[in-house]
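The sequence and structure come first, and the notes follow.

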Amino acid sequence: MKKTLSFLAMFVALLATAPAMAAAPVVPGTGVKVDKVGDDFEDPEWQFFPNGPKSSYDIDENRRSPTGTSKNGRWYEGIKRGYPDIVRRVETPKRGLAGSKGALAMRSLQTGIPGAPSGQLHQDDYICNIHQRIGMVPVNQSPNCVVRVFLPPIDTWENRTGPSFGFRLALTTTAYKSGQGFLGLGSGYEEETYWPGMFINLESKTDRGREYDSAFISVRGAKNGADFRSKPIEVTGWWTFGMSVTPDGMVHYYAKPGVEDLTAKDYITSQYPYGYRAEKFKTFFFNVCNGDNGRDWSTEWIVDDPTMYLVR
């Protein structure tokens with residue numbers, strides 16, 4: 001009997017310490033559409049109120065209120081980096097979603113501190129108002145989101161090698177934080193927000209002697225948080241991007257040319273960015289990047305029908 005109990009105790013201990021099995025990826029667009037968030041930009045009266053100058057907290061810790069917001073309350077300025085300089089409803093480019101008449105265009109000149117060009121890469125944020133409208137969503141509901149993005153011809157992009165546009169998530173986890181000093185005072189576990197996603201990158205022919213411009217998708221991120229190259233962009237026009245988070249806290253990435261629904265064939269990768277396992281889904285958002293030199297505008301990026309789904 002003692003040997004049996006000992007074996008059972010060892011077996012239970014092994015189960016408790018074994019890593020969790022990774023869940024099967026969820027194709028973005030799976031489940032029930034959440035109507036309270038996202039947008040279709042079909043309202044001819046759609047409008048964004050900038051309420052500038054915008055924030056640049058990530059650079060100079062300056063939060064400039066009041067922050068920008070859309071008329072319909074579904075979008076707001078990121079308090080960390082500010083909003084794109086141009087946010088406007090436009091006619092949907094050709095070959096978009098069937099029946100779509102409106103889409104959203106975003107473009108920036110001053111992505112850093114307003115009125116103080118830095119000559120360095122910076123970005124603006126445009127954030128979907130999810131956590132204020134429906135609250136944070138536990139990942140056991142497999143939250144996932146999809147957006148169509150219009151990529152203009154590459155020769156019209158801002159002529160700069162590097163990231164130009166981002167589609168990202170805001171997730172939370174519980175992380176251990178080391179305290180200060182010899183005794184590590186203040187150490188403990190606390191909620192941590194992190195921002196995985198996908199970036200559209202340009203490799204300019206005017207940089208490093210390349211023969212032609214090319215573009216690719218990079219993923220943020222690997223276990224150490226680093227971006228890595230994932231998928232070449234061989235055609236421009238409309239693309240469909242999506243990300244999902246499964247109950248094991250893993251993030252799954254998908255992308256394809258065109259506006260058709262994503263399928264398992266469009267899978268790119270699955271990751272635990274920064275080594276974190278997500279616990280809650282806060283929102284998704286867009287980045288518009290440029291060289292912040294006070295002269296060159298970012299590429300104009302157009303998005304349509306950003307949508308969120310829940311499997312449960």
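Is strand S6 (residues 102-107) mostly covered or mostly uncovered? Strand S6 is mostly covered, since 5 of its 6 residues are buried, where buried means under 20% relative accessible area, exposed means over 50% and partly exposed lies in between (1.4 Å probe, protein chains only). This is a predicted model, in which local features need pLDDT of at least 70 and side-chain atom pairs count only at pLDDT 80 or more, while totals for chains, interfaces and linings use all residues. Residues are numbered from 1 along each chain as its sequence is written, and side-chain values use heavy atoms, with hydrogens and water left out.

**Strand pairing around S6**

- Strands are DSSP runs (E, at least two residues) and helices are likewise DSSP runs (H or I, at least four residues), numbered from the N terminus; two strands pair if DSSP finds at least two bridges between them.
- Strand S5 (residues 86-91) runs antiparallel to S6 and is joined to S6 by 6 bridges, with Val 90 having Ala 103 in S6 as its bridge partner.
- S6 also pairs in the antiparallel sense with strand S19 (residues 301-310), here over 3 bridges, and Ile 302 in S19 is the bridge partner of Ala 105.
- In a regular strand, side chains alternate between the two faces of the sheet.

**Salt bridges**

- A salt bridge is counted when a side-chain nitrogen of Lys or Arg lies within 4 Å of a carboxyl oxygen of Asp or Glu, and by this rule the count comes to 15.
- Arg 88 forms a salt bridge with Glu 300, and their closest N and O atoms are 3.2 Å apart. Because Arg 88 lies in strand S5 and Glu 300 in the loop between strand S18 (280-290) and S19, the pair ties together parts that are 212 residues apart in sequence. Arg 88 is partly exposed at 41% relative accessibility, and Glu 300 is also partly exposed, at 29%.
- The side chains of Asp 60 and Arg 64 meet in a salt bridge, at 3.3 Å from N to O. Asp 60 is partly exposed with a relative accessible area of 30%, whereas Arg 64 is buried, with a relative accessible area of 15%.
- Asp 207 and Arg 210 form a salt bridge whose closest N and O atoms are 3.6 Å apart. Asp 207 counts as partly exposed at 25% relative accessibility, as does Arg 210 at 24%. Through salt bridges that share partners, Glu 203, Asp 207, Arg 210 and Arg 229 are joined into one network.
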